[in-house]
Amino acid sequence: MSKPPVHAQPEEEIQVEPPADFTGIKMGKPKRYAAGVAAVNSSLKHIFGLAGFKRGVEGMAKLNQKDGFDCPSCAWPDPDDHRAVTEFCENGAKALASETTRRRVDPAFFAQHSVAAISRESDYWMERQGRITDPVVLRPGATHYEQITWDEAFSLIGRELKALDDPNRAIFYTSGRTVNESAFLYGIFVRMFGTNNLPDCSNMCHESSGAALGASIGVGKGTVTLHDIEVADTILVVGQNPGTNHPRMLSTLQAATRNGGEIIAVNPMKEAGLIGFAHPQEITGMMGASSPLASQFLRVKINGDFALFQGLCKAVLALEAASPGSVLDRGFIERETSGFKDFAERTAAVEWVEIELRSAVTRAEIEKVARSIVRGEKKLITCWAMGLTQHVNAVATIREIVNLHLLLGAVGREGAGLCPVRGHSNVQGDRTMGIFEKMPAWYHDAIDREFRFTSPREIGHDVVGSILAMHRGEASVFFAMGGNFLQATPDTNFTAEALRNCSLTVHVSTKLNRSHVVTGRTALILPCLGRSEEDRNERGESQFSTVENSMGIVHQSRGSLKPISDNLLSETTIIARLAEATLGKREGLDFVHVAGDNDRIRDLIERTLPDFENFNERVRRPGWFYLRNLARERVFQTDTGKANFSDAPLTGADLADGELMLMTIRSHDQFNTTVYGLHDRYRGISNERRILFMNPEDMAERGIRPLAPVDIENDSDGRLRRVERFLAIPYDLPRTAVAGYFPELNPLVPIGLTAEISNTPCSKSIPVRVTRRG
């Protein structure tokens, strides 16, 4: 194959952001319920349109089945017992269609399309091109990627890593699709190389949850099961849009309401999936009859949740004062908790006027919710997602949720507990396996003992720290196990500058994305097997991998479809060969031998990590098991040995005159940064992504008409960030709140605007100015 021309300098400019072209918006009314026949039609259209009938049917038959493969989309758990024939949602169908597509991005594609030409296309266009079939390299000064052998690729990476004068000059990122076996090997390799620079997508989503829960209850994970949700008295769904982001959660919420549970939704936007659910596997649902979900809806202002939960705690304490001994779980508080006195004094001191001002919810509404919470057996579950975790005070907010639960003893008993809803299919498992820049000492001691080396103890870079290190020139090699780093991270143009400072950027990927066009001096794309594709061990036998879902269940995932290309490698093989090329043969661990059979990796996990006793046996019969969750047992491994009340003072995100508060959101046709289509069906938007939802009064105040093009700016740290050509959409939002899709609006998120303690980018509370285009 002839090579594309190589130039001393690229002749065309690489576009960092997606094109600012409008695509022909069509508007309708927001929907009053989620799913139903429209979801079924959309699912089949995506699957059969991309995968074809035969491959599509084969994939659907195995998706989320006990003998099949785990959905590469969200981390919502599958039922422990019965599985429906179609145990997946519309988002899962889109993810399956994306992965099983017949379209291919092969070496001929890269010969035809320069990097600059690809960069001028939309993220949707990139996603639609198909699966990457072969490893490719972008050499210094080249305009096109070209094919490279696997041996050459690993040799190139190994040379670059070995040439570093300090292992901390390398960054090793992980996305949430990486399975347990590859995540475990990856973490060992990186530490043998000599660094803890292991940022992952958790740093951008539920890092705040882990920090808050760890401090309050000693476990950085949720404490509930599907059964708990189904039998709860009250379920608070806060800062979350399950209809789009976790659609299978809707059937669990429906079961809860049918069992007499009450759902209360808290969100700036009244989303269809919070209002009603038309079950696509029930005749009534397919006929358009929906089950009501939330009986109360609190339209909290952006970043008003901290104030709201302080108000709920205040109202619950007032109910106890009015009827002593009937509301609080005094026995639990006295035996199992610490810090109640300071918490109660702080809560008594906070004024209702400040709570109402910062939450935009009235005292009467808050007190009504409090009365709902304390009814019956006070079996309370609170579910939350990014709407809580991506604010400066996110950790304090989540700890306030825990305070509310501790008052009622609503942790560690049936039908009660805490439920951070994870976004990506194995993001929780990756952390369990050791993908974290600051793993505890016991982990380092365990891997040192098992693999006979001394692992580095210096805390590594998280996502924001990695970007800053690359931007300063302190890190020069970036390696990503999956994901779309450029588009997932804050401050897109700042991040692009950071990546361009690198000597080498490497992405293990299945599909084309914008991170492949904004690169270091040399760039590699290494294609891997998808979750749905058959993985064979060194003996040629089909093998499974494992993942951990949002509720701590570890289970099998066995791909069965023929790989889209004969030149793909599994994630574990890529890591093993990378380790061999970089470290050579290690006495403590033969990476290539171990990667020849996933059973061998699971044996190492069993010997190294707690709660994985008899791993290979337990995960085969019956195919899954729960990891132990001490907080679920009311064992709280905190600094006090008890569950801790917190007493942080009330804070909130304030605006300067003329500013609005932006929260970035997903459209219905996307999962994380992957754009499957141009529609946002539940919000009444079709065929457009460059939109900004605005309160009608805020629009009128600025002289902005519906569908008028606007520009949006942020300069909160003295650096001007600006995106242009977005269509203003009047929407039912609180005053001063605006919302729009990421990644298009990520350029506005300042790199330094992060949550206290967790350092999570504040993508849900960005001060901006919105102006009409002249």
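The model is predicted, so local features are given only at pLDDT of at least 70 and side-chain atom pairs only at pLDDT 80 or more, while totals for chains, interfaces and linings use all residues. Residues are numbered from 1 along each chain as its sequence is written, and side-chain values use heavy atoms, with hydrogens and water left out.

**Aromatic pairs**

The structure holds 26 aromatic pairs. Rings of Phe, Tyr and Trp (its six-membered ring) pair if their centres lie within 6.5 Å; planes under 30 degrees apart count as stacked, over 60 as edge-to-face and the rest as tilted.

Select Y173 and F485. Their rings form an edge-to-face pair, 5.0 Å centre to centre with 75 degrees between the planes. This pair links distant parts of the chain, 312 residues apart: Y173 is in strand 7 (residues 170-174) and F485 in helix 25 (residues 485-488). Helices (H or I, at least four residues) and strands (E, at least two) are DSSP runs, numbered from the N terminus. Both Y173 and F485 are buried, where buried means under 20% relative accessible area, exposed over 50% and partly exposed in between (1.4 Å probe, protein chains only).

Next, select F612 and F625. Their ring centres are 6.1 Å apart and their planes stand at 80 degrees, so this pair is edge-to-face. F612 lies in the loop between helix 29 (598-608) and helix 30 (615-618), and F625 is in strand 23 (residues 624-626), 13 residues apart from F612. F612 is buried at 1% relative accessibility, and F625 is buried at 6%.

R618 lies over the face of F625, at 4.0 Å from the ring centre. A charge sits over a ring if NZ of Lys or CZ of Arg is within 6 Å of the ring centre and within 35 degrees of the ring normal. Another such case is R431, whose charged end sits over the ring of F436, 3.8 Å from its centre.

For a cluster, select F172, Y186, F189, F193 and F479, which are linked by ring pairs.

**Two helices**

Select helix 1 (residues 37-50) and helix 3 (residues 90-100). Their axes come within 8 Å and cross at roughly 5 degrees. Axes are lines fitted to C-alpha atoms, for helices over the stretch in contact, and angles run from 0 to 180 degrees between N-to-C directions. Helix 1 and helix 3 are therefore roughly parallel to each other (angles under 35 degrees count as roughly parallel, over 145 as roughly antiparallel, 65 to 115 as roughly perpendicular and the rest as oblique).

On the helix 1 side, the residues that meet helix 3 are A39, S42, S43, H46, I47 and L50. Their partners in helix 3 are E90, A93, K94, L96, A97, S98 and T100.

**Single residues**

Go to T347 in helix 17 (residues 340-349). T347 is buried, with a relative accessible area of 1%. Apart from neighbours within four places in sequence, T347 is in contact with Q310, C313, K314 and L317; contact means heavy atoms within 4.5 Å.

T397 is in helix 21 (residues 394-408) and is buried at 3% relative accessible area. Not counting residues up to four places away in sequence, T397 touches D305, F306 and L388.

The last stop is Y682, in the loop between strand 27 (674-675) and strand 28 (685-686). Y682 counts as buried at 6% relative accessibility. Beyond four places in sequence, the residues Y682 touches include P30, Y33, E90, G243 and H668. Y682 and F193 are 489 residues apart in sequence and 48 Å apart in space, C-alpha to C-alpha.
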